[in-house]
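Subject: The structure I promised you

Hi,

Here is the structure we talked about, so please open it up and keep it beside you while you read. My notes on what turned up are just below.

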Amino acid sequence: MKSKFIVVGIIVLIIVGIGGCGVSSYNNMVKKDESVQNKWAQVETQYQRRMDLIPNLVNTVKGYAEHENSTLAEVVAARAEATKVNIDPQHMTEADFARFQQAQDGLSSALGRLLVTVERYPDLKANQNFIELQAQLEGTENRIAVARRDFNEITRDYNSYIRKFPNNIFAGIFGFDRKVYFQSAENADKVPEVNF
């Protein structure tokens, strides 16, 4: 009779231990998932800041560079395209993330072409509003880079946590899936060719 109580006691302790481990793993996964969502919100905030600066930049350039309508139209179209792509941080898929990144890269490219075009207009380059907008845009691009890096770091932490044993078992049971990372643009590893 005494040995049955010992066996039952051991079984209860094992069940309580596994349950406690499961609760702890679940709570840590929720905490890390929330951190990923928070960092994603920071990324979106910085991209939104850039979106908000673009109309002012386009209007400032438009006043000086009347012959650059196609470049301005490209920036406006790229901005419109980038605002269409939204991602639910709870259910980020690789395809959604790639579309988001492609739209943002397209906007960055259009802005780059606009800023190169501005070089032909010395009066515009000396305009205080343009100088301030350009500085704000450069600062925002730096903030975007930092937010993306922070997002990737917290995503790496989350992904490695849910892949470790026994967390991987509980992650599967509770539906915690791997998150995707920001990656560099295609051909970013190639050295640009400069000709004078």
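A salt bridge here is a side-chain nitrogen of Lys or Arg within 4 Å of a carboxyl oxygen of Asp or Glu. By that rule, there are nine salt bridges. Bear in mind that you are looking at a predicted model.

Let's take a few of those pairs. K179 bridges to D33, with the closest N and O atoms 2.8 Å apart. The two sit in distant parts of the chain: K179 is in the segment after α6 (167-174), D33 is in helix α1, and 146 residues separate them. Are K179 and D33 buried or exposed? Both are buried.

Next, E141 pairs with R50, and here the closest N and O atoms are 3.0 Å apart. E141 counts as partly exposed because its relative accessibility is 29%, while R50, at 0%, counts as buried.

Now for the helices. How do α1 and α3 pack? Their axes are 12 Å apart, at an angle of about 30°. Angles under 35 degrees count as roughly parallel, so α1 and α3 are roughly parallel to each other. Their crossing is left-handed. On the α1 side, the contact residues include W40, Y47 and R50, and on the α3 side F97, F100 and Q104 are among them. The residues of this contact divide into 12 nonpolar, two polar and one charged.

- S25, in helix α1, counts as buried because its relative accessibility is 3%. Beyond its sequence neighbours within four places, S25 touches Y161, N167 and F170.
- Q46 is also placed in helix α1 and, at 14% relative accessibility, counts as buried. Leaving out residues up to four places away, Q46 is in contact with T140, R143, I144 and A147.
- L115 belongs to helix α3 and counts as partly exposed, at 22% relative accessibility. Setting aside neighbours within four places, L115 meets F130, Q134 and L137.

Happy exploring!

Conventions: Residues numbered from 1 in each chain as written. Predicted model: local features only at pLDDT ≥ 70, side-chain atom pairs only at ≥ 80, totals over all residues. Heavy atoms only, no water. Helix = DSSP H or I, 4+ residues; strand = E, 2+ residues; numbered from the N terminus. Buried < 20%, exposed > 50% of the residue type's maximum accessible area, 1.4 Å probe, protein only. Contact = heavy atoms within 4.5 Å. Axes fitted to C-alpha atoms, helices over the stretch in contact; angles between N-to-C directions. Parallel < 35°, antiparallel > 145°, perpendicular 65-115°, else oblique. Left-handed = near helix turned anticlockwise from the far one by under 90°. Nonpolar A, V, L, I, M, F, W, Y, C, P; charged D, E, K, R; others polar.
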